[in-house]
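Reader: I have a chain open on my screen and would like to work through it with you. Could we begin with one pair of residues?

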Amino acid sequence: MGLLNKKRALTATLANVSRLLLSVVLIVSGFVKAVDPMGLFYKLQEYLTAFGMEQISDGWIMAAAQLLPAAEFIVGVLLLMGVYSRTVTFLVFLFFLVFTPFTLVVALWNPVRDCGCFGDALHLSNWATFGKNIVLLLFATMVFFMRRLFVRKIGLYNRWMVALFALLYVASLEYVSMAHLPVLDFRPFAKGADLRESVANVPSVEKTVYRFEKDGDVREFDEENYPDSTWNYLGSRTDVIVEGRPAIIPDFEFFGIEDEEDYTSQILEDSGYVCMLIMNRVETADESRVDRINELYDYCVEMAVPFYAATASDVNEVDLWKRRTGGEYPVLWADDVMLKTIVRANPGVLLIKDGTVVGKWNSADIPSVDEIRKAPTSMPDSVKSISSLLGSWKFWLSMFVAPLLFIMFVDVIIAAVLHLLNRFRLQKQNKEEKIDE
């Protein structure tokens, strides 16, 4: 009997550990994609192009980019709290049962370099993704068949609160990330990124060692203590002292649309502020904030701060944009993919100081000139706003943990009240039975 209990306890522990590990992976994976729906949109476009399905409309792709991470996050939260276990474990098992063979096909064919499973937060090769899914499929199988051993954190009557919270949380996260900017930026243009360092190729530091022999004595020499001609050369080898690395941002280039001059060095090497209006395509750019943009340009001219617009559109589209919006700023050409990577908004604003990113804004969040004038640096990077609060990871972490703890507290209170009411009802019933006797 004792052995049987130990075996059951071990099985229950394995089931709950598997559940917790799987739920954490699903929550993290859903979260890092939900903070950047546009990034997932571009990744899905990449997949569809690779599989010859470019005809699917952007509207459907955008809907999938919002629904997929939301479903992943919600299922992860429900699994974490051990509620709706039958439905949730079946969905998780079915998901990995379908997608594990798919990732094998992707690994063999290699149509895209990175699966996008964890957005821009973590890049995995296609074979690493397949291996990860094999492990998660094992976890999903265990939690599906051992779901009756789960330790629930919430009672059956209150589990709807967990589902509602997960839905509201991920919906708010996606809305803020779409209406403003991703609340967490995992790309190389995040605030604080040193662009001068990111665009540079770092060469390897190598040392050549030469082997010589003289009178049976074999020694190694380097270029600083090269031997005389009495030694016989045997060979050499090259040792890597410090590994080099390619540029983190290899395509950081800006050219004048009209004069074709390279402005990259001017942007990077400027010793002060440089303000850039990023519009990957001017023909699809939002024009609702053009007055605020033009005011910012006039202010930068007043403050002698270089201001450039950057786009991948051609000169004809740029001319139409200027006529429609009254923009007088110089416009540069840059790679479309890089511009989409810089800022998930069209248009958006990038502020650089001494080659370092000090601020990024969706055009909807550009501070007014009056606010900028009052700021400590007299530039937008020191203007405090609600968007800066919403972009704090601490804020979103607290908004995840605190409500779940509150729901658990409410569940305990409700359970205690129901227990007392039930006890009172039984006592009353016993008294009535004694009276009847």
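This is a predicted model: local features need pLDDT of at least 70, side-chain atom pairs count only at pLDDT 80 or more; totals for chains, interfaces and linings use all residues.

Reader: Which strand pairs with β3, and over how many bridges?

Author: The partner is β1, which covers residues 205–214. The two strands run antiparallel and share 9 bridges.

Reader: And what is the strand order in the sheet?

Author: The order is β2-β1-β3, an open sheet of 3 strands with antiparallel pairing. Because β2 (217–221) and β3 (232–242) each have a single partner strand, they stand at the edges, and one side of each lacks a neighbour in the sheet. From one strand to the next, the twist averages 20°.

Reader: Now the surface. Which residues make the nonpolar patch?

Author: Among them are Phe 51, Met 53, Phe 90, Leu 94 and Trp 109, and the patch has an area of about 970 Å².

Reader: Where is Leu 94?

Author: Leu 94 lies in helix α4, which spans residues 85–109. With a relative accessible area of 38%, Leu 94 counts as partly exposed.

Reader: Stepping back, how many helices and strands are there in the chain?

Author: The chain contains 14 helices and 9 strands.

Reader: What is its radius of gyration?

Author: The chain has 30 Å, whereas a compact globule of 437 residues would have a value near 22 Å. The C-alpha trace spans about 115 × 80 × 50 Å along its principal axes.

Reader: And what percentage of the residues is buried?

Author: Buried residues account for 43% of the 437 in the chain.

Key. Residues are numbered from 1 along each chain as its sequence is written. Side-chain values use heavy atoms; hydrogens and water are left out. Two strands pair if DSSP finds at least two bridges between them. Helices (H or I, at least four residues) and strands (E, at least two) are DSSP runs, numbered from the N terminus. Axes are lines fitted to C-alpha atoms, for helices over the stretch in contact, and angles run from 0 to 180 degrees between N-to-C directions. Patches are made of residues with over 30% relative accessible area and no salt bridge: like charges are joined within 9 Å, nonpolar side chains (Val, Leu, Ile, Met, Phe, Trp, Tyr) within 5 Å. Accessible areas come from the Shrake-Rupley method with a 1.4 Å probe; for residues, only the protein chains shown count as cover. A salt bridge is a side-chain nitrogen of Lys or Arg within 4 Å of a carboxyl oxygen of Asp or Glu. Buried means under 20% relative accessible area, exposed over 50%, partly exposed in between (1.4 Å probe, protein chains only). The radius of gyration is taken over C-alpha atoms; the globule rule is 2.2 Å times the number of residues to the power 0.38.
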